[in-house]
Amino acid sequence: MQRNSLHIAVLAALVSLPCSVSPSQAGPTGREIMQLEDNRPDGEDRKSVMTMTLINKRGGERVRTVKIFSRDFGKDKKSTMVFQKPADVRGTVFLNWEYDQPDHEDDKWLYMPALKKERRISGASKNEYFMGTDFTYDDMGDRNVDEDTHTLMGEERLRDRDCWKIEAIPVDPEDMYTRRILWVDKEAHLLLQGEYYDKDGLVKVYRALDVRRENGIWTIFRSEMDNISREHKTLMEISEIHYDTGLGEELFRVSALQRGHF
């Protein structure tokens, strides 16, 4: 259950259950392809360390190190991101509860150590950018396949990998994006590239730059979000990732945010 926007290397740590969808004999539809992407196997839980590099239009860089924990709870999923470096963001924690039902809004909290309390993210705040990156809070959660109408546009080869090319139009007319163009890897069922448009045109482009297997599971080790509208870019690189480590429920409770025992 993964939001197509984020396969974030944040996303490498945020995927879902073994695939149970088979394309029809006449060839897969856009919806069937996105179900394959949404349901690709990646274990019951995931633990990773990621470096995020924020690059502004002058080439200035800010580098952040984050620990990410993610676990499936049936068809739902919970994830916790803990910022470790630099000092000005150390101890900041983002908790996300993602629900499989398209009409059930995800629950999100951000804990800021300077304030010593968590802030719930909801409403208009979902369209704010997360921690200075090029991902909105809404990007950071799961997107149910049925929140969009998917049309298969064709097939293309992208970065030496065969892909399906799909247009996704949101069902909700109030969605911040008017459409997305998505390239899904035929073998790995991963989002290899995504273009995000609003009413004014192209907003940003996501690219998976290093895709390979880890313990038999297709994993995105390096990716970027190029924000055309802001002239800003976020690079993401996974330095280590582990699957099925037996993560406990306590990592994903709101009460754990202030304790900070991660």
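The backbone nitrogen of E187 lies 2.8 Å from a polar atom of the D185 side chain, a polar contact being a pair of N or O atoms within 3.5 Å, where within protein one must be able to donate a hydrogen and the other to accept it, and residues adjacent in sequence count only if both atoms are side-chain atoms. The model is predicted: local features need pLDDT of at least 70, side-chain atom pairs count only at pLDDT 80 or more, and totals for chains, interfaces and linings use all residues. Residues are numbered from 1 along each chain as its sequence is written, and side-chain values use heavy atoms, with hydrogens and water left out.

D185 belongs to strand β9 (residues 179-185); strands (E, at least two residues) are DSSP runs numbered from the N terminus. D185 counts as buried because its relative accessibility is 2%, where buried means under 20% relative accessible area, exposed over 50%, and partly exposed in between (1.4 Å probe, protein chains only). Beyond its neighbours within four places in sequence, D185 is in contact with R161, D162, C163, W164, L190 and L192, contact meaning heavy atoms within 4.5 Å. The C-alpha atoms of D185 and W164 are 6.6 Å apart, although 21 residues separate the two along the chain.

R161 is placed in strand β8 (residues 161-170) and is likewise buried, at 18% relative accessibility. Residues up to four places away in sequence aside, R161 touches E156, D185, E187, A188, L192 and W218.

**Salt bridges**

Side chains of opposite charge can pair when their charged atoms come close. The whole structure holds 24 salt bridges, each defined as a side-chain nitrogen of Lys or Arg within 4 Å of a carboxyl oxygen of Asp or Glu. Three of them are tabulated here.

| Pair | N to O distance |
|---|---|
| R46 and D72 | 3.1 Å |
| R120 and D107 | 2.4 Å |
| D134 and R230 | 3.0 Å |

R46 lies in strand β1 (residues 45-55) and D72 in strand β2 (residues 61-73), so this pair ties together parts 26 residues apart in sequence. R46 is buried at 0%, and D72 is buried at 6%.

R120 in strand β6 (residues 117-121) and D107 in strand β5 (residues 107-112) tie together parts 13 residues apart in sequence. R120 is partly exposed at 47%, whereas D107 is buried at 14%.

D134 sits in the loop between β6 and β7 (148-158), and R230 in the loop between β12 (217-227) and β13 (232-243), so their pair ties together parts 96 residues apart in sequence. D134 is buried at 0%, while R230 is partly exposed at 33%. Salt bridges with shared partners also join R143, D148, D175 and R180 into one network.

Notes: Helices (H or I, at least four residues) and strands (E, at least two) are DSSP runs, numbered from the N terminus.
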